[in-house]
Amino acid sequence: MFKSFNLQQLSDKHKSTANELLVMRDKFRTLLVEINLDIEDNSRLLSNYKALQIELHNIYNEAPSTTEEAVDKARIALEIKEDNKFSNEEIDRNLPENLRYGG
């Protein structure tokens, strides 16, 4: 019983970390939109970026560690599904026009 409780806690922590990382992704996307719309000055944008980097670092520091075996399985799954690859069009949608691959 004790072992299964620990496994549930670990599973919950992994899920919580994944959700926090999704929130961070959205915050970085918002920052890209702000850059694209030119609604903030450069020093403010840089300050926001640095704050997001610190927040992301803290999430990674608090994230539960995982086993080498789990990392290998995830790597293989990502290679098969190619979930870790983005087309130029997908990348361009999140960049200001002057930084886009296509122009």
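Helices here are DSSP runs of H or I at least four residues long, and strands are E runs of at least two, numbered from the N terminus. The model is a predicted one, so to speak of local features takes pLDDT of at least 70, side-chain atom pairs count only at pLDDT 80 or more, and totals for chains, interfaces and linings use all residues. Residues are numbered from 1 along each chain as its sequence is written, and side-chain values use heavy atoms, with hydrogens and water left out.

H1 gives the largest share of the lining of the largest pocket, four residues. A pocket is an open set of points on a 1 Å grid over the protein atoms alone, where a 1.4 Å probe fits, with protein on both sides within 12 Å along at least five of seven lines; lining residues have an atom within 4 Å of a point. This one holds about 330 Å³ of space, the volume being what probe spheres set on the points fill, with points joined across faces, edges and corners. Of its 12 lining residues, Arg-29, Phe-86, Glu-90, Ile-91 and Asn-94 sit nearest the centre.

Turning to the rings, there is one aromatic pair, counted when ring centres of Phe, Tyr or Trp (its six-membered ring) lie within 6.5 Å, with planes under 30 degrees apart stacked, over 60 edge-to-face and the rest tilted. Phe-28 and Tyr-49 make up this edge-to-face pair, at 6.2 Å centre to centre and 70° between the planes. It ties together distant parts of the chain, Phe-28 in H1 (residues 2-37) and Tyr-49 in H2 (residues 42-62), 21 residues apart.
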